[in-house]
Amino acid sequence: MDRETSWQVIAQQRLAIADLLDTLTPEEWETPSLCGGWTVRTVAAHVAGTPIAPPLIALVPFMIRARGNYNRLVDILTQHFAEQPGFDPAALLREHAASRKLPKLTNYRNIVMDTIVHGQDIAIPLGRTLPVTPEAAAAGADRAVEVALPLWKRHRLDGLRLVATDTEWTHGTGAEIRGPMLALLLLITCRPAGFDGVTGPGTEILAARLRPAPTRSDSPPR
């Protein structure tokens, strides 16, 4: 998917997310999302904050608080957006739907992936549908398979062959996982909700890899 089409998809997804957010009850805003540790409100703040990200110099205090940890930086910055008085993610998404402003150190391919996946992070736990074309999901997946640390483990897809059933897209070799492109994108980005739409011997392998490691309290006694 070329740059122009990618930006069109980003704008469409931002508007669709805004429409969904407008329908939420106060309780639904606090629903846990598919993005670990974030509620629907937090994910909405993250997506809405992307086109209005502050300049690099303004990020310095947040970087210091994050102590060099990228994921912690994103979390602190997102919480900062969410806690602003009068912060309205739906309104911001509409206002900046067509914005092509990019936060530092990213690119439009990342924003395609990020916007699509976070839209599903919001919609799926709420039992809502946020349509994504297979072609757009494939573009997100093309980027997602390249991304490893600090977001996801580098070898999570080793020995697996992912095959889309609704568009011409495959990735990898090995035990097969077959299903709709959007479900595959969710699995590539470590969202177990994607298992609901796929089949194949590779599903058990990937499920084991995505299963959270036991905490100290969960570990068997020695």
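**Notebook: cores, cysteines and a surface patch**

I began with Trp-169 in this predicted model, and, leaving aside its neighbours within four places in sequence, I found Trp-169 in contact (heavy atoms within 4.5 Å) with Ala-138, Ala-141, Asp-142, Val-145, Leu-162, Val-163, Ala-164, Met-181, Leu-184 and Ile-188. For the record, residues are numbered from 1 along each chain as its sequence is written. Local features need pLDDT of at least 70 and side-chain atom pairs count only at pLDDT 80 or more, while totals for chains, interfaces and linings use all residues, and side-chain values use heavy atoms, with hydrogens and water left out.

I next looked up the nonpolar cores, each a set of buried Ala, Val, Leu, Ile, Met, Phe, Trp, Tyr and Cys residues joined through side-chain atoms within 4.5 Å; buried means under 20% relative accessible area, exposed over 50%, and partly exposed in between, with a 1.4 Å probe and protein chains only. The largest core has 34 residues, and those with the most contacts inside it are Ile-116, Trp-169, Ile-177, Met-181, Leu-184 and Leu-185. Two or more residues each come from α1 (3-21), α7 (108-123), α8 (134-144), β1 (160-164), α9 (181-188) and α10 (202-210), where helices (H or I, at least four residues) and strands (E, at least two) are DSSP runs numbered from the N terminus. Helix α9 gives the largest share of this core, seven residues. I also noted a second, separate core of 22 residues, which includes Ala-18, Cys-35, Val-40 and Leu-126.

Cys-35 counts as buried at 15% relative accessibility, whereas Cys-190 is partly exposed at 26%. I placed Cys-190 in the loop between α9 and α10, and its phi is positive, about 65°, although Cys-190 is not a glycine.

Last, I turned to the surface, where Val-60, Met-63 and Ile-64 form a nonpolar patch with about 250 Å² of accessible area together. Ile-64 lies in helix α4 (residues 56-66), and Ile-64 is exposed, with a relative accessible area of 61%. Patches are made of residues with over 30% relative accessible area and no salt bridge, like charges being joined within 9 Å and nonpolar side chains (Val, Leu, Ile, Met, Phe, Trp, Tyr) within 5 Å; a salt bridge is a side-chain nitrogen of Lys or Arg within 4 Å of a carboxyl oxygen of Asp or Glu. Accessible areas come from the Shrake-Rupley method with a 1.4 Å probe, and for residues only the protein chains shown count as cover.
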